[in-house]
Amino acid sequence: GASASLLCFPGPVMLFLAGVFAHLERLEAEAREIAVKQEKMKQEEEKRARLKAKVRELKLQRDKLLAKLRLQKKVKLREKRAMSDPAKSGARAVLEWKIKNVKATLQVSYLTGINGKRTKQGVCFCITTAYESTYLDSYYVHLLVKPEVQIHQHSVPTFIPLEQIAKKYLQTDIGRFLSVLSDHLNAYAGRKYQADQLEEHFSDQIEGTLQRNSLCNLLVFNYKLSSKSKTFPFKARLLYGDLCCSLPTEVNVSCTCKWMVWGSVWESGVGRPYCGSADGWGFFLVEFGDKREQAAILLRDKRL
Amino acid sequence: MDETVAEYIRRTVLKIPRDEIKTMLQKWGLLSETQLQTINFRQIKENISQDVVQLCEEISADIKQAAVLDIIYNHVYPNKRVWSVYQMKKTGEETEFFDLTDFKKKFKRRLRSALKNVTINFREYEDNAIWIRIAWGTPYTKPNQYKPSYVVYHSQTPYVFISASVLKSNLPLLCQALVLASNYHDIREMELRSHSLNSLKDIVFKRYSQNFQTHYPRPLQERNVAPESADLRIIEENKNEKERIERVNREVFGDGPQPKLEFAQYKLETMFKSDPQMDVLDKKEPFRCLVKFSSPHLLESLKSLAPAGMADAPISPLLTCIPQKARNYFKIRERKHFFPGSFVSP
């Protein structure tokens with residue numbers, strides 16, 4: 001009780017006290033409001049935190065479910081593929097087999113002798129040479145087709161008359177050009193192979209080295225034939241007149257030594273063919289030409 | 001035996017490395033095996049050469065026989081000389097039956113009719129190469145054996161390899177004799193020079209490896225695959241780019257070894273291209289400049305430029321066309337077209 005402690009104060013002091021009390025009341029009310037507000041805010045924050053946590057939880061759940069869904073989809077797809085239409089896979093396999101076959105054919109096509117491949121600038125032809133049943137070297141000619149047919153690059157040896165063949169046939173008939181070039185290259189490869197084989201397999205009978213030229217179209221060599229302790233030295237000259245042919249067009253065999261016949265020295269008759277025989281060998285000696293070249297034709301009597 | 005011959009033999013033997021002297025003398029064939037056995041090949045070269053001269057005196061060797069030893073030496077060591085390539089032209093289409101004796105006769109006759117004082121030697125080798133050695137004199141002096149010219153000719157090919165001596169004035173006569181003897185009608189010098197005779201032959205006879213596109217895989221396609229780094233922590237960053245460079249390089253240079261050239265020379269006669277505002281030159285005239293690339297093995301070094309990262313692949317065709325165009329001296333002039341550039345003169 002304020003009334004109990006109603007004291008006697010003078011008038012102005014009373015007014016002052018009343019003002020203070022009012023102020024204090026006001027302050028109290030404000031404090032109360034603030035406290036309420038704070039309480040409210042605290043509650044709201046708590047609520048928000050709770051909701052955030054819940055959102056996170058829900059998001060996690062959603063992700064888990066999505067992953068599950070994706071996995072399921074994959075499995076389904078795999079099963080689908082495995083169970084795919086057998087007819088369709090068969091067609092695909094056949095197509096792949098066909099492509100492989102064509103590729104293999106192209107790879108082996110060099111065995112035909114002439115084959116070509118398209119390039120950015122034209123065509124690259126490969127000419128493979130062979131003699132009888134042996135494959136020999138390959139030669140390449142890269143042709144450009146624009147603005148006109150011309151040889152861009154090649155690996156043809158210089159002694160093959162490539163420019164001449166090209167001048168004749170390249171502009172008008174590429175097939176003919178390739179065929180003629182192939183003839184030249186095959187013939188050269190054949191002659192070279194034969195000369196190599198001759199050197200290799202008859203090395204004991206050939207005296208010295210085999211003389212040849214770049215085109216292998218002129219072979220000169222000395223060789224000896226022996227029978228019953230007698231050796232007869234010969235000189236052979238093979239001329240291959242046709243550059244597209246691997247067989248000679250002209251052969252000269254000559255012998256310039258003196259012969260021992262029946263124990264006596266025999267000398268060539270001048271201008272007359274001489275015939276004789278010894279130990280089953282029959283020979284004819286012929287002299288010809290202004291240089292008196294001698295050629296001996298030796299015959300063996302097989303009955304003896 | 002003439003003193004000059006003795007001196008020439010002595011000097012030729014001195015050129016040969018000591019370990020090779022015996023084999024070369026055997027190839028020479030002038031001294032018999034018994035004679036060679038009397039020489040001690042372990043002594044100093046001076047003494048060996050004196051012994052050889054002594055033996056040659058006993059059989060009175062002449063200058064032609066002595067010259068054969070010089071040919072043998074140059075055939076074993078051709079890279080000591082600089083060789084130029086010449087190309088002959090013929091009009092006719094007759095098949096050539098190359099007759100060696102005929103060739104030699106015609107060649108000697110032509111040379112001797114113009115110049116009496118010459119020493120000419122021929123020697124044939126198994127790869128169809130004919131080596132000719134010519135020592136030149138003048139109408140009043142004997143041939144100088146120390147400055148001979150060498151000619152290497154493969155029959156039935158239009159190419160001749162000449163290592164001329166310093167006396168270049170005899171070159172026209174030599175060319176004329178060659179053309180006549182081999183039944184061609186014209187000869188011109190190609191812009192191709194090198195120390196390595198075999199590489200020059202590889203280039204003009206097309207014996208070097210060129211890359212042609214075919215369907216079938218050729219047997220020599222295995223390349224040396226560098227072993228993958230065992231350490232898995234090392235990752236190749238620019239793998240794709242590296243593979244692209246290798247592929248482009250292989251397309252241009254081929255797989256095999258490159259012919260050996262020592263230099264490539266480009267003579268530029270192009271206009272100087274500057275900013276029009278700068279206008280360095282008053283007159284519009286070509287800016288003359290000579291660019292020379294030199295290396296112990298030029299083509300191999302060009303081949304390794306792109307993989308080493310020093311140049312972009314593909315390398316400029318001016319450099320890569322060298323073996324295909326069979327030249328290593330170029331003149332580059334302005335191209336007279338709408339797009340300014342440069343073109344290589346034929």
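1. B:Ser196 is buried, with a relative accessible area of 8%; buried means under 20% relative accessible area, exposed over 50%, and partly exposed in between (1.4 Å probe, protein chains only). This residue sits in the loop between strand E6 (186-194) and H8 of chain B. Helices (H or I, at least four residues) and strands (E, at least two) are DSSP runs, numbered from the N terminus.

2. This is a predicted model, in which local features need pLDDT of at least 70 and side-chain atom pairs count only at pLDDT 80 or more, while totals for chains, interfaces and linings use all residues. Residues are numbered from 1 along each chain as its sequence is written, chains are lettered from A and ligands numbered from 1 in the order in which they are written, and side-chain values use heavy atoms, with hydrogens and water left out.

3. What does B:Ser196 touch, leaving aside residues up to four places away in sequence? The partners are B:Asn79, B:Lys260 and B:Glu262, a contact being heavy atoms within 4.5 Å. The side chains of B:Ser196 and B:Ser199 are joined by a polar contact of 2.9 Å. A polar contact is a pair of N or O atoms within 3.5 Å; within protein, one must be able to donate a hydrogen and the other to accept it, and residues adjacent in sequence count only if both atoms are side-chain atoms.

4. Chain B has 12 helices and 10 strands, and 43% of its 346 residues are buried. For contacts in chain B between residues at least 6 apart in sequence, 67% join residues at least 24 apart.

5. Chain A comes to 4 helices and 13 strands. Of its 304 residues, 27% count as buried. Taking the contacts in chain A with a separation of 6 or more, residues 24 or more positions apart account for 28%.

6. Over all chains the count is 17 aromatic pairs. Rings of Phe, Tyr and Trp (its six-membered ring) pair if their centres lie within 6.5 Å; planes under 30 degrees apart count as stacked, over 60 as edge-to-face and the rest as tilted. B:Phe107 and B:Phe122 form an edge-to-face pair, 5.9 Å centre to centre with 75 degrees between the planes. B:Phe107 belongs to helix H6 (residues 100-114) and B:Phe122 to strand E2 (residues 118-124) of chain B, so the pair ties together parts 15 residues apart in sequence.

7. B:Tyr159 lies in strand E5 (residues 159-163) and B:Phe205 in the loop between helix H8 (197-204) and helix H9 (239-253) of chain B, so the pair ties together parts 46 residues apart in sequence. B:Tyr159 is buried at 11% relative accessible area, and B:Phe205 counts as buried at 9%. Elsewhere, ring pairs link B:Trp83, B:Tyr125, B:Trp131 and B:Tyr150 into a cluster.

8. The contact between the chains takes 26 residues from chain B and 32 residues from chain A. Together they bury about 2600 Å², 55% of it on carbon and sulfur atoms; buried area is the accessible area (1.4 Å probe) that two parts lose on being put together, summed over both.

9. How many salt bridges cross the interface of chain B and chain A? The rule finds 0, where a salt bridge is a side-chain nitrogen of Lys or Arg within 4 Å of a carboxyl oxygen of Asp or Glu. Across the interface of chain B and chain A there are 7 residue pairs in polar contact, both residues at pLDDT 80 or more.
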